[in-house]
Structures are given as C-alpha cells and as structure tokens.
Amino acid sequence: MKVAEQFDPASSAVMFTGDCLDLLRSIPNEFVKLVVTSPPYNLGKPYESRLDLGEYLEQQRQVIEQCVRVTSKRGSICWQVGNFVDNGEIVPLDLKLYPIFEGLGLRLRNRIVWHFGHGLHASKRFSGRYEVVLWFTRSSDYTFNLDAVRIPPKYPNKKHFKGPKAGQLSCNPLGKNPTDVWEIPNVKANHVEKTAHPCQFPVELVERLVLSLTDASDWVLDPFMGVGSTAIAALIHGRRTIGAEISSDYVRTAMRRITQAEHGLLRIRPMERAVYDPAEPSKSVPPRYVSFGNQLEQLKLLERGPG
Ligand SMILES: C[S@@+](CC[C@H](N)C(=O)[O-])C[C@H]1O[C@@H](n2cnc3c(N)ncnc32)[C@H](O)[C@@H]1O
C-alpha cells in the first residue's frame, strides 16, 4: 500500500498531520465520494480549546464549505455530532450545523440516531445515550447501496398468510433495511478498538456508511481523523482514504492501526454483532482480525486497467 503524507492521487491512503483546511485546499473539486467525520465538539477535550459557540460554528463552516467543494455530485457527507454542554444546558450541535449544510445546497437524507449504552451518569437531567449522524447528499442522484448493509430480519421465516403471495416469504431474502436508529457500542475502556484517544468512533459505524455510500476504489475523506477509524473502515472494504489530524501522536496511532490492519493483526468489533446481553452471553462472537491485503491487490489491478 502506498501511504502519502500530502495529497497524492496515486496513493491508497493519505495521512496529513496538520490543520484540515490546509489539506482540503490541496484536494481537487469533486474528488471524493464520501466525507465522514466526527468533528471536535468544543467541549474542552485535550485536543481542543473551548471556543465561543459562534466562533466554533464559523470554523466548522469553513471546513464544511471545503468538504462540499471536494465531494462528487453523486457523493455524500456524514457529520457525526453530539451535544455542546454549557453550564448543564445542552445545545444539540446538529441543530446548529444543519443551516450551514442547507445554505450550501446539500440535501438531508437521514438524521441517524446512534444509540449506545455507556456514558456519563447525569444527576440533573436524563443521562445522554445517543448522538447523531447527519447524512447529506450533494444532489438527488446519489450512490446508495442498500443491499450491502441489510441486516438479518427478526423473523426470517415469516410468510404471507393470505392473498396471491400466501406461503411465500414476506421479508427480503437479502435482509432488512437497518433503519435510521443504529445500536452500536461506543468505544469505552473495555472495547477492543480502544486507544489513548478520548473519543474514537467505532469502526463498524463507519463501515455501514462506507459500504452503502461508496463503491470499490472510491475516495473517503475524514478531515478530523483522530486515530484513523474512518481510514480503517475504508481500506478494509477496498476504498481509498484521505485524512487530516492536528495531533502527530494520533496520526502515529492511526498509522500503527493501519499497518496492523494491513497485516491482519488489528482487532475490531464485528459488524452486526449482537450487543452484549448478560442473559445470553452465548450470542457473543469474538472480535474480527482484519486485513485488507487482497482488496488492495484488486485496487492496484483496477488502477492499472485490464491486461
Ligand atoms: C472527535 S475527534 C475524531 C476522532 C475520530 N473519529 C476517531 O475515531 O479517531 C476530533 C479530532 O479532530 C482533531 N482536530 C481538531 N482540530 C483539527 C483541525 N483543525 N484539523 C485537523 N484535525 C483537528 C482532534 O485532534 C481530534 O483528534
């Protein structure tokens, strides 16, 4: 795999250390199929200085404008956010960011609710157990591979009991639509993907977006890539990836994880694994060890063309 440190269309992965605006300005118009990111939430985490909300939104607007410019006409942008909290008062960031995307002509396809089981225990409000992914497209003609992300139906053998289809299976044999509420464990201390980063998103959250919103060898961009969860989800499914991260420590961790994945040594939580239920521990399946060697071989062939 060729990994570049600056934008380089001949590589399979670009890992840029620095401000994402500097990387974004070097990417040609309409170059990527999917932008997927979890931006800083302005909560005063170790990697961010807490800004006035207006200033934060202005910074986000500059990044979003560039992301729209580099996204192809059939492409998508997925912005994963939670709440900004000020003196116990919550401000859902998606409500504040939506007008920026709307003003740039993007169309909202889903506001996906990502539900998870662990987090802070609140005493003066109900404990927060979800965040959202705003999925926008640039146009009304967009890539959406639903069959690639169908999930097992609850009652796989259910049949029509009357009418012309009586006796035939009533569900799609390829599985059902995963809906806009996704229950995926967040990356806390005992999660197999946990690194030193305080708020990684799980690889399986991004895998569902990569598989449904891109095709093989498409480019996937994460302007705030942290420890490379988007890059891993893209590479293990034969896509190419570009990411920026301001902390060189996190870039080093991302590079290490990508190298481990390339050699089949990275442990990630399997897609569609049931959430752990102490009453039914047998449903648990071991983590996946992922490798993307074969997909990259195919990618190189695609780049070279037939013969
Ligand atoms: C919420 S975290 C993203 C974590 C990532 N989704 C993952 O799974 O590892 C946001 C990241 O953006 C980085 N960051 C903040 N400002 C940045 C900037 N201007 N350019 C690039 N990265 C930035 C932070 O260091 C942090 O790692």
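How many helices and how many strands does the protein chain have?

## Overview

The protein chain has 7 helices and 13 strands; helices (H or I, at least four residues) and strands (E, at least two) are DSSP runs, numbered from the N terminus. The structure is a predicted model, in which local features need pLDDT of at least 70 and side-chain atom pairs count only at pLDDT 80 or more, whereas totals for chains, interfaces and linings use all residues. Residues are numbered from 1 along each chain as its sequence is written.

Of the 307 residues in the protein chain, 32% are buried. A residue is buried if 20 or more other C-beta atoms lie within 10 Å of its own, exposed if 12 or fewer, and partly exposed in between, with C-beta atoms placed from the backbone. Among contacts between residues at least 6 apart in sequence, 65% join residues at least 24 apart; two residues are in contact if their C-beta atoms, placed from the backbone, lie within 7 Å.

Two strands pair if DSSP finds at least two bridges between them.

Within this sheet, β3 (residues 32-37) and β10 (residues 219-222) run parallel and are joined by 2 bridges. Val35 stands opposite Leu221 in β10. In a regular strand the side chains alternate between the two faces of the sheet.

Axes are lines fitted to C-alpha atoms, for helices over the stretch in contact, and angles run from 0 to 180 degrees between N-to-C directions. Because 8 of the 8 residues of α5 are buried, this helix is largely enclosed by the rest of the structure. The buried residues are Ser229, Thr230, Ala231, Ile232, Ala233, Ala234, Leu235 and Ile236. Just after α5, Gly238 takes a positive phi of about 75°.

Helix α4 (residues 203-213) packs against α5 at an angle of about 50°, with the axes 8 Å apart. The two helices are therefore oblique to each other; angles under 35 degrees count as roughly parallel, over 145 as roughly antiparallel, 65 to 115 as roughly perpendicular and the rest as oblique. The crossing of α4 past α5 is right-handed, a crossing being left-handed if the near helix is turned anticlockwise from the far one by less than a right angle, and right-handed if clockwise. From α4, the contact involves Val203, Val206, Glu207 and Val210, and from α5, Ser229, Thr230, Ile232, Ala233 and Ala234. These residues divide into 6 nonpolar, 2 polar and 1 charged. Ala, Val, Leu, Ile, Met, Phe, Trp, Tyr, Cys and Pro count as nonpolar, Asp, Glu, Lys and Arg as charged, and the others, Gly among them, as polar.

## Helices α2 and α3

The axes of α3 and helix α2 (residues 53-70) come within 10 Å and cross at roughly 40°. Here too the crossing, of α2 past α3, is right-handed. Leu57, Gln60, Arg61 and Ile64 of α2 meet Lys96, Leu97, Ile100 and Phe101 of α3. The contact comprises 5 nonpolar, 1 polar and 2 charged residues. An α-helix has 3.6 residues a turn, so residues three or four places apart point the same way.

Strands β5 (residues 83-86) and β6 (residues 89-92) pair in the antiparallel sense over 4 bridges, and Val85 stands opposite Ile90 in β6. The two strands form a hairpin with 2 residues between them. Asn87, in the turn, has a positive phi of about 55°. With 4 C-beta neighbours inside 10 Å, Asn87 counts as exposed.

Thr179 lies in the loop between β8 and β9. Its phi is near 65°, a positive value in a residue other than glycine, and Thr179 is exposed, with 10 other C-beta atoms within 10 Å. Asp19, in the loop between β2 and α1 (20-24), has 14 C-beta neighbours inside 10 Å and therefore counts as partly exposed. The C-alpha atoms of Asp19 and Glu245 are separated by 6.8 Å, although these residues are 226 residues apart along the chain.
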